[in-house]
Amino acid sequence: TAYYSRGCKSEHLFVDLKIACDKSFKEHLNQYDVIHLDIAYLLTQLRDPLELVAFIQKIVTEELNEIYPGILSDGDSTLSFSLSKIYGRTGRGFIFIIDEWDAVFRENEYDKEAQEQYIRLLRGLFKGEQSKDFIKHTYLTANRSYIWVILLMIRKEKGFVFLMKKSERLLPAPYREQIGRR
């Protein structure tokens, strides 16, 4: 969040890291609105997992209305439509960080309807043709008992490529060098 978020002035956090020497470092520094969702936490706030998708759309849309007043209307019911509309008016892209994206499946193993609603939300956000414009990067984490699975979703012109790195609290190999000290 500190690197991408428009709400941060964080260059000083990265000055001693190798990434600060990269030619694209300042191109993305503090340039996006970051939408961070902790799915396991959100599920604890609800009585019924079937409420999750509506809850996510409600809380994110309310915050977007505060940040971008006058762009969205009451009829803008889906998050993907709202993000597309904001991007169309402002040209600003979004970064998604979804922690424990698999919690719906892990904690509600037999609630197929809640799982299907959640998958429809994710498809609407990340698979649509328009999403390639307004979503700049998406980071997903999943917690499977003792192994942390870090999923990094990289947008390609004709869909997604999923790179999966299983680690025990290690950074994915391509990023270790960038994060290291100069």
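Does Asn30 count as buried or exposed, and at what relative accessibility? Asn30 counts as buried, at 13% relative accessibility, where buried means under 20% relative accessible area, exposed over 50%, and partly exposed in between (1.4 Å probe, protein chains only).

This is a predicted model, in which local features need pLDDT of at least 70 and side-chain atom pairs count only at pLDDT 80 or more, while totals for chains, interfaces and linings use all residues. Residues are numbered from 1 along each chain as its sequence is written, and side-chain values use heavy atoms, with hydrogens and water left out.

**Confidence**

- The average pLDDT of the chain is 77, and 77% of the residues score at least 70; pLDDT is the predictor's confidence in each residue, from 0 to 100.
- Over residues 145–172 the pLDDT stays under 50, and the model has 56 contacts for them beyond four places in sequence; contact means heavy atoms within 4.5 Å.
- Residues 178–182 also have a pLDDT below 50, with 18 contacts in the model beyond near neighbours in sequence.
- Where pLDDT is low, the predicted coordinates should not be read in detail.

**Overall layout**

- The chain holds 9 helices and 5 strands; helices (H or I, at least four residues) and strands (E, at least two) are DSSP runs, numbered from the N terminus.
- Along the sequence the pattern is α-α-β-α-α-α-β-α-α-α-β-β-β-α.
- The chain has 182 residues, of which 39% count as buried.
- Of the contacts in the chain between residues at least 6 apart in sequence, 54% join residues at least 24 apart.

**Nonpolar cores**

- The largest nonpolar core has 31 residues, and Ile39 and Phe96 have the most contacts inside it; such a core is a set of buried Ala, Val, Leu, Ile, Met, Phe, Trp, Tyr and Cys residues joined through side-chain atoms within 4.5 Å.
- Two or more residues of this core come from each of strand 1 (33–38), helix 3 (39–44), helix 4 (52–67), helix 5 (79–90), strand 2 (94–99), helix 6 (103–107), helix 7 (112–126) and strand 3 (135–144).
- Not counting residues up to four places away in sequence, Ile39 touches Leu52, Ile56, Ile98, Asp99, Glu100, Trp101, Ala103, Val104 and Tyr118.
- In soluble globular proteins, nonpolar side chains tend to be buried together.

**Helix 4**

- Helix 4 has 16 residues and should span 22 Å at 1.5 Å a residue; its end C-alpha atoms are 23 Å apart, which agrees. The expected span is 1.5 Å times one less than the number of residues.
- Its buried residues are Leu52, Val53, Ile56, Gln57, Val60, Thr61 and Leu64.
- Seen down the axis of helix 4, these buried residues fall within an arc of 145°, so they line one face of the helix; the arc is that of the directions from the helix axis to the C-beta atoms.
- The buried residues of helix 4 pack against strand 1, helix 3, helix 5, strand 2, helix 6 and helix 7.
- On the face turned away from the buried side, helix 4 carries the exposed residues Ala54 and Glu66.
- Asn65 also lies in helix 4 and counts as partly exposed, at 32% relative accessibility.
- Asn65 and Ile86 are 21 residues apart along the chain, and their C-alpha atoms are separated by 9.7 Å.

**Positive phi**

- Most residues other than glycine have a negative phi.
- Asn30 is not a glycine, yet has a positive phi of about 55°; its place is in the loop between helix 2 (25–28) and strand 1.
- Glu100, also a residue other than glycine, has a positive phi near 50°. Glu100 lies in the loop between strand 2 and helix 6 and counts as buried, at 18% relative accessibility.

**Phe134**

- Phe134 lies in helix 8 (residues 131–134) and is buried, with a relative accessible area of 2%.
- Not counting residues up to four places away in sequence, Phe134 touches Ser80, Leu83, Ser84, Tyr87, Gly93, Phe94 and Leu125.
- The C-alpha atoms of Phe134 and Gly91 are separated by 7.9 Å, with the two residues 43 apart along the chain.

**Cysteines**

- The disulfide count is 0, a disulfide being a pair of cysteine sulfur atoms within 2.5 Å.
- Cys8 is partly exposed, with a relative accessible area of 23%, and Cys21 is exposed, with a relative accessible area of 52%.
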